[in-house]
Amino acid sequence: MHLRFLSAVFVALAVLAPCSALAEPSMIYVVRHGEKAPAGKDPELNEQGKARAQNIATTLHRVGIASIFSSTTARTQQTAQPLAQRSSLPVQTYDPGAPKALVEKVKAQSGVVLVVGHSNTVPDLVRLFGGAPGSDIADNEYDRMYQLIVGPNGAVTTVLLTSLPATGAAP
């Protein structure tokens, strides 16, 4: 009887082991919100920002995004929304003042994840995810798209992409 129990435990572990490996995302994309209107306490995206949000959605739609995270501001929500609609996914909100809590939430996801943040939060998020953020993001720079590839050993490779339209600011 004891041998049967141990056999059942080993079979259960063998079945569940691959699931635990899926508990971490395979890839994380981190972007700053699109261009915003010049005034207001919580400005919305301007026309160029709306175009950027559509381009991000077009670019990432085919990579199999499984989860989308955005801060609660109008500009980040509007940047995430086109991809959320195309992918039939909810936009999950996070507190930009608690980046470690977001990192824990994202690391509990499986599949490919998008995080939309701000110029002053994106580099820190990239760093907390294990990536290399490079230089600070300038106020007029909206086109950086970080692709963080999570390896099987947990090591993160950072690929810096550009979302169109390019702003011309140097990364």
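What does Asp124 count as, and at what relative accessibility?

Reply: Asp124 counts as partly exposed, at 31% relative accessibility. That label covers what falls between buried (under 20% relative accessible area) and exposed (over 50%), using a 1.4 Å probe and protein chains only.

A word on the ground rules. This is a predicted model, where local features need pLDDT of at least 70 and side-chain atom pairs count only at pLDDT 80 or more, while totals for chains, interfaces and linings use all residues. Residues are numbered from 1 along each chain as its sequence is written, and side-chain values use heavy atoms, with hydrogens and water left out. Here pLDDT is the predictor's confidence in each residue, from 0 to 100; the protein averages 87, and 84% of the residues score at least 70.

Back to Asp124. Its side chain meets that of Arg127 in a salt bridge (3.6 Å, N to O), a term for a side-chain nitrogen of Lys or Arg within 4 Å of a carboxyl oxygen of Asp or Glu. Side chains of opposite charge can pair when their charged atoms come close. Arg127 is also partly exposed, at 46%. Both partners sit in helix α5 (residues 122-128), three residues apart, which is about one turn of the helix. Helices (H or I, at least four residues) and strands (E, at least two) are DSSP runs, numbered from the N terminus.

Beyond its neighbours within four places in sequence, Val30 is in contact (heavy atoms within 4.5 Å) with residues including Val122, Val126 and Arg144.

Arg144 leads us back to charges: it forms a salt bridge with Glu141, at 2.6 Å from N to O, and both of these residues are buried.

For another pairing, look at Asp42 and Arg75, whose closest N and O atoms are 3.6 Å apart. Asp42 is partly exposed, at 39%, whereas Arg75 is buried, at 12%.
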